Amino acid sequence: MITIRLSRKVLFAFAAVAALVATGALYAAWSTSGSGNGYAKATTASALTIGDASASTTADLYPGATGAAKLKVTNPNPFPVRITSVTKQTGGTITSDKGAACNASTGVTFTDQTGLALDVAAGATQTFTLSGAVSMSNASDNTCQGAVFTIPVDVTGASNA
Amino acid sequence: MRAWVLLLVVAVAAAHPGGAAAAWSVARPGSVAAKAKALGAGNTPNASVTGRKVTVSWTASSFTTGGVVPGYVVRRYNVTTGVGTGALNGCSGTITGLTCTENSVPTGSWQYTVTPAAGNWRGTESGKSTVVVVI
């Protein structure tokens, strides 16, 4: 049997570090939330900005079809960020640029996107295509033809340094 | 004994990297955008009569940004009154092909049109076909 002898000071220090890592406290310095705590020592992270991607959309939706959604992300931080999921906001309403009749029955649904690996370089703005993320049912109103839809989402990301 | 407790804490922390990952990520509210196509215009159909059957055929229409439309709605117009109605008996509803035959057409002079369709969407109605006479 092999016996490893460590001083109690070393063991206490090791345990304390392990506990901080387990709770994520040491990672707070790299979080894009910008809300650190007493353990943060690095540069304070800034929040990602989710911009208007409507200008980059390609018309591909019609009743019975699926299409792509566009996501525009700006990373103001001095480190790269990886987007890992894009999910529709709970209770969020999908709207269009075609007015009330279309908004009342867009027929559009968004499929939550998880397991993503969308990388945004430090200080960069990038637009991503989420293929197959949007579908349109036959309930879509006639006035929705040519519409641009805005879909409220939560974007989850993390430091990718 | 205390040393063994500390080693256990270390082992548990090392075995649960998910705890660190969960605190590492953050969700930001925003929006994504998507865009719909728009239906184009129907192409003027041909119509031919055999007895009380009228066969209507047309060429495919496209969305304004490209791609073939999925269906068509056929209408029949009374030449004398100009009143139109949805075609029946073989040409009713949304037709996914490029031809249909309407059976038991009432006596009279008729013209047909086709309109691109997808669900509740409708494109621009075509011009009217040549006149067919059902005796």
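The model is predicted: local features need pLDDT of at least 70, side-chain atom pairs count only at pLDDT 80 or more, and totals for chains, interfaces and linings use all residues. Residues are numbered from 1 along each chain as its sequence is written, while chains are lettered from A and ligands numbered from 1 in the order in which they are written.

**Chain A: overall**
- Chain A holds 2 helices and 9 strands (DSSP runs, H or I of at least four residues for helices and E of at least two for strands, numbered from the N terminus).
- Along the sequence the order is α-β-β-β-β-β-α-β-β-β-β.

**Chain A: strand S4**
- Strand S4 (residues 81–88) runs antiparallel to strand S7 (residues 118–120), joined by 3 bridges; strands pair if DSSP finds at least two bridges between them.
- A:Ile83 is opposite A:Leu118 of S7(A).
- S4(A) also runs antiparallel to strand S9 (residues 148–159), with 7 bridges, and A:Val81 has A:Ser159 as its bridge partner there.

**Chain B: positive phi**
- Most residues other than glycine have a negative phi.
- B:Asn89 has a positive phi near 45° and sits in the loop between strands S5 (84–86) and S6 (94–95) of chain B.
- B:Asn89 is partly exposed, with 14 other C-beta atoms within 10 Å.
- B:Ser104 has a positive phi near 55° and lies in the loop between strands S7 (99–102) and S8 (108–118) of chain B.
- B:Ser104 is exposed, with 12 other C-beta atoms within 10 Å.

Terms used
Buried ≥ 20, exposed ≤ 12 C-beta atoms within 10 Å, placed from the backbone.
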